[in-house]
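Visitor: I would like to learn how to read the features of a model such as this one. Please show it first.

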Amino acid sequence: MDRIRVKDKEFKVSISQAEIAKEVERVAQEINEELKGEEPLFISVLNGSFMFTSDLLKHIRIPNQISFVKLASYEGVASTGEVKEVIGINEDITNRTIVIIEDIVDTGLTMQRLLETLGTRNPKKIYIASLLVKPGKLKVDLNIDFVAFKIPNDFILGYGLDYDGYARNLPEIYTVVD
Ligand code: IMP
């Protein structure tokens, strides 16, 4: 399946299953190396990270725990636009090494919000692992420790990422065709 149509848009494969598997394993090895001696708590950001999280964690060889969070959008009381609230952190993260697992860092605003929220709970250190980064779209200064792919600004889907809720199940990554 090289090309697919989702709702009003057409997409073509831009990253194959084999390439994803290779780079996800490489990222896991980097985490195993860098965090040797640590017992990190992985915090996976739903929904988009479910596939990446599952594949990544199969290659992690250091002792670890895993938890899942979601970002709930709601309108701010003033005209500040969309505000996102992090829900689902039940663990005590005081003095813990955290690895946030994200599907994609686009503007970086979601990640910034997560870092702010987790930062107030006194973790030892927070690392970021993102499957994809669009460096051309970053609006905030972020240090992303582990990255599988740096990609152009185009809209993508598959391997956890969606278009209007569809196509998260696809094992490849697809880019929109204009
Ligand atoms: P940011 O706050 O702009 O960095 O956006 C991050 C979130 O936007 C991700 O977690 C995704 O859910 C979504 N997103 C950003 N770019 C894409 C894309 O190309 N395809 C699908 N979802 C995307």
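Guide: What follows takes up the pocket, the ligand, some residues and the backbone in turn. This is a predicted model, in which local features need pLDDT of at least 70, side-chain atom pairs count only at pLDDT 80 or more, and totals for chains, interfaces and linings use all residues. Residues are numbered from 1 along each chain as its sequence is written, and side-chain values use heavy atoms, with hydrogens and water left out.

Visitor: What is the volume of the largest pocket?

Guide: Rolling a probe the size of a water molecule over the atoms shows where empty space is left. On a 1 Å grid over the protein atoms alone, a pocket is an open set of points where a 1.4 Å probe fits, with protein on both sides within 12 Å along at least five of seven lines. Grid points are joined across faces, edges and corners, and the volume is the space filled by probe spheres set on the points. Here the largest pocket has a volume of about 710 Å³.

Visitor: Which residues line the largest pocket, and which elements give two or more of them?

Guide: Lining residues have an atom within 4 Å of a point. The largest pocket has 25 of them, and Lys-84, Glu-102, Asp-103, Ile-104 and Thr-110 lie nearest its centre. Two or more lining residues come from each of β3 (41–46), β4 (65–75), β6 (97–105) and α3 (109–119). Such elements are DSSP runs numbered from the N terminus, helices being H or I of at least four residues and strands E of at least two. With four residues, β6 gives the most. By class, the lining divides into ten nonpolar, seven polar and eight charged residues; Ala, Val, Leu, Ile, Met, Phe, Trp, Tyr, Cys and Pro count as nonpolar, Asp, Glu, Lys and Arg as charged, and the others, Gly among them, as polar.

Visitor: Which residues come nearest the ligand?

Guide: A residue is near a molecule if one of its heavy atoms lies within 4 Å of it. Of the 14 residues around the ligand, Thr-107, Gly-108, Thr-110, Lys-134 and Ile-156 come nearest. Polar contacts are pairs of N or O atoms within 3.5 Å; within protein, one must be able to donate a hydrogen and the other to accept it, and residues adjacent in sequence count only if both atoms are side-chain atoms. Ligand oxygen atoms are found 2.4 Å from a side-chain N or O atom of Thr-107 and 3.0 Å from one of Asp-103. A nitrogen atom of the ligand is 2.6 Å from a backbone N or O atom of Ile-156.

Visitor: Is Ser-44 buried or exposed?

Guide: Buried means under 20% relative accessible area, exposed over 50%, and partly exposed in between (1.4 Å probe, protein chains only). Ser-44, in strand β3, is buried because its relative accessibility is 0%. Contact means heavy atoms within 4.5 Å. Beyond four places in sequence, the contacts of Ser-44 include Ile-66, Phe-68 and Ile-101.

Visitor: Where is Leu-114, and what does it contact?

Guide: Leu-114 is in helix α3 and is buried, because its relative accessibility is 0%.

Visitor: Which side chain does Tyr-163 make a polar contact with?

Guide: The partner is the side chain of Asp-8, at 2.6 Å. Tyr-163 is in the loop between β9 and β10 and is buried because its relative accessible area is 17%.
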